[in-house]
Amino acid sequence: MTGIGQVQHTHTGYQAIDCVAYRHAPAALSLAAAPRDIVLYRIVDYGPSRVTSADRPADHNELLLLTRGSGHPAFGCMAGERYTVAANRDLRASFVPSGADSQIEFGTSAKSVNLVFPKGFLDSLLEDRGGRASVPLLFSENTALIGLISLIELELFRPGLATDIVAEQAMRSMALILSGIDPHGFIAESERISLPPVRLKRVIEFIEANLAEPLTLDLLAHVAGLSVFHFARVFRQATGSSPYRYVSERRLQHAQRLLMSPELSVHEIARACGFPRHANFSAAFARARGMSPSAFRAYFAL
């Protein structure tokens, strides 16, 4: 996990978060979202006046936003094209690709979730599909895209037992939507591919040996010798479980075994199950088992 930039003062009198300059200082709840310098942050307060503005010059990052309308009209410019948005309180998604500038004036009661990707990251998720996620998208009501951003937000603010896999799969799906690629083609391909027992055994042994490490679809697909676009489907066919469910259950069972022994502290067990932060492990374990790791240990020690 990588750190992110905090709200920074600029010499123009505006406030900046990740190269976006705001007329008033927004209050942002932010965190490191994923490896490879990906950032997720929420903006929950855009300042004291009724209307504010944001100016994002063209840079090397890509910005995907989930916004809730303020109830006031908005207007601005994206990639040289001017636009006006009628007053609304709808939930919508927008995408500002690398190299595109964006300016907007809007009501301060708006809310947003912001995902910032390094240049080329989304395209890298489509390398073996020949697609590109490089076209600007403005206030889309695409329910699949909105749901995927919301899923990533939930997973990253409240990590589960296999957040790396969930977040990666969601980002890959978002890249497909933004590129306009029809997914039915590779779904049909997956239905003609199987995971031989020897390769399945290799993947399962790799998972068991690396429960303390980040486990991603890309990594597991590489171990299986398959395209990442096919791996999740054929793994489910072979095991009856998605990679996310399988890794989650294995980490949970591993944690339970370790908790039944007094040899390791809960902090050490958290690290052994892939959680750098003890608090995240305790919360994820409690959601899965209905009690904290300490309570589980005390109960089974009786």
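**Cores, a strand and a helix pair**

Modeller: Keep in mind that this is a predicted model. The largest nonpolar core has 48 residues, and Leu64, Phe117, Met171, Met174 and Phe231 touch the most other members.

Biologist: Which helix gives the most to this core?
Modeller: Helix 3, residues 163-179, with eight residues.

Biologist: And what is Met171 in contact with, leaving aside its neighbours within four places in sequence?
Modeller: Ile38, Phe117, Phe121, Leu122, Leu125 and Ile152. There's also a second, separate core of 20 residues, with Tyr22, Val96, Ala110 and Val116 among them.

Biologist: Switching to strands: is strand 10 enclosed or open?
Modeller: Largely enclosed by the rest of the structure, because five of its six residues (the strand covers 91-96) are buried.

Biologist: What does strand 10 pair with?
Modeller: Strand 7, residues 62-68, pairs with strand 10 in the antiparallel sense over six bridges. Val96 is the bridge partner of Leu63 there. Strand 13, residues 137-140, also runs antiparallel to strand 10, joined by two bridges. In that pairing, Phe95 stands opposite Leu137.

Biologist: OK, helices now. How do helix 8 and helix 10 cross?
Modeller: The axes of helix 8 (243-259) and helix 10 (278-289) cross at roughly 100° and come within 11 Å. So helix 8 is roughly perpendicular to helix 10.

Biologist: Which residues meet there?
Modeller: From helix 8, Glu249, Leu252, Ala255, Gln256 and Leu259; from helix 10, Phe281, Phe285, Ala288 and Arg289. The residues of that contact divide into six nonpolar, two charged and one polar.

Methods: Residues numbered from 1 in each chain as written. Predicted model: local features only at pLDDT ≥ 70, side-chain atom pairs only at ≥ 80, totals over all residues. Heavy atoms only, no water. Axes fitted to C-alpha atoms, helices over the stretch in contact; angles between N-to-C directions. Helix = DSSP H or I, 4+ residues; strand = E, 2+ residues; numbered from the N terminus. Parallel < 35°, antiparallel > 145°, perpendicular 65-115°, else oblique. Contact = heavy atoms within 4.5 Å. Nonpolar A, V, L, I, M, F, W, Y, C, P; charged D, E, K, R; others polar. Buried < 20%, exposed > 50% of the residue type's maximum accessible area, 1.4 Å probe, protein only. Pairing = 2+ DSSP bridges. Core = buried A, V, L, I, M, F, W, Y, C linked by side-chain atoms within 4.5 Å.
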